[in-house]
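Work through these exercises with the sequence and model side by side. Each task is followed by a stepwise solution.

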Amino acid sequence: MIATVTLNPALDVTITVDELDLGGSQRTPTARRRAGGKGVNVARVLAQQGIPVTVLACVGGSIGEEFAVELSSAGLANRLIWTDNPTRVSRTIHETTAGRATVLNEEGVRPSDDAIAALGDLVDTLPGLTALVIAGSLPPGLADAGVVDLVGRARRRGAATIVDASGRVLLAAADAGATLLKPNADELRAAAETAGPVASARALLERGAAPIVVTRAED
């Protein structure tokens, strides 16, 4: 079984219009609302492939409740840690005429130390864990040590660890010996400022990372 960790979950709200009238007022169809964050997105794809997967996240407030209901409605197994911090909202305005999307992401709120510890306990106790995927942004103030701890817990269970992150989090995951790192080119550049993605990837390998997969958008 694969578990995905989303440390900065969000309720994704998508509004579709023909063309955005900047500064004006316009009617729109009903927005689509669903649980989001990179870890959740990974879980959706795995579930569509028939691969057993469980979503792990810290959530709170009425948005957290909607997040949980949508996960269950989508048939995604989940183990959620409830906190006093409200789950953030990510809003996307999709313009069909231009094929353009504008994304407005709330920052999110750092979970308490107890909530992060409870998330680690889940990694220790989930039955049949074969891989742990940590994907997406971190809320402001969450230390890299939280990612390092999760990687270490999964490794002690003999589970593969896959980290899709950016900057200092990517460096911390490399130092912790993650099984696989999966940044995009910009995220990799934020972690290791060298001449090109190959040199940056080699810099992470020298820190202790295993193989690195780098995505480069349309390239």
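**Exercise 1.** How many nonpolar, polar and charged residues does the lining of the largest pocket have?

Solution. First, the ground rules. This is a predicted model: local features need pLDDT of at least 70, side-chain atom pairs count only at pLDDT 80 or more, and totals for chains, interfaces and linings use all residues. Residues are numbered from 1 along each chain as its sequence is written, and side-chain values use heavy atoms, with hydrogens and water left out.

Step 1. On a 1 Å grid over the protein atoms alone, a pocket is an open set of points with protein on both sides within 12 Å along at least five of seven lines; a cavity is a set where a 1.4 Å probe fits but cannot get out; lining residues have an atom within 4 Å of a point. Ala, Val, Leu, Ile, Met, Phe, Trp, Tyr, Cys and Pro count as nonpolar, Asp, Glu, Lys and Arg as charged, and the others, Gly among them, as polar.

Step 2. Sort the lining: four nonpolar, eleven polar and seven charged residues.

Step 3. Locate it. The lining has 22 residues, with Gly37, Lys38, Arg88, Asn105 and Ser137 nearest the pocket's centre. Elements giving two or more residues include strand E3 (32-36), helix H1 (38-48) and strand E6 (88-95). Helices (H or I, at least four residues) and strands (E, at least two) are DSSP runs, numbered from the N terminus.

Step 4. Size it. The largest pocket holds about 500 Å³ of space. A volume is the space filled by probe spheres set on the points, which are joined across faces, edges and corners.

**Exercise 2.** Which residues line the second largest cavity?

Solution. Step 1. Search the whole structure: two cavities of 30 Å³ or more turn up.

Step 1. Take the largest cavity, about 100 Å³. Of its 14 lining residues, Pro9, Cys58, Pro86, Thr87 and Val109 lie nearest the centre. Strand E4 (residues 53-60) gives the largest share, three residues.

Step 2. Turn to the second largest cavity, about 30 Å³. Its lining is Val5, Thr6, Leu7, Ile134, Ala135, Gly136, Leu138, Val147, Ala165 and Val169.

Step 3. Classify that lining: eight nonpolar, two polar and no charged residues.

**Exercise 3.** Are H3 and H4 roughly parallel or roughly antiparallel?

Solution. Step 1. Helix H3 (residues 113-125) and helix H4 (residues 145-156) pack at about 15°, with axes 9 Å apart. Axes are lines fitted to C-alpha atoms, for helices over the stretch in contact, and angles run from 0 to 180 degrees between N-to-C directions.

Step 1. Angles under 35 degrees count as roughly parallel, over 145 as roughly antiparallel. H3 and H4 are therefore roughly parallel.

How values were computed: Parallel < 35°, antiparallel > 145°, perpendicular 65-115°, else oblique.
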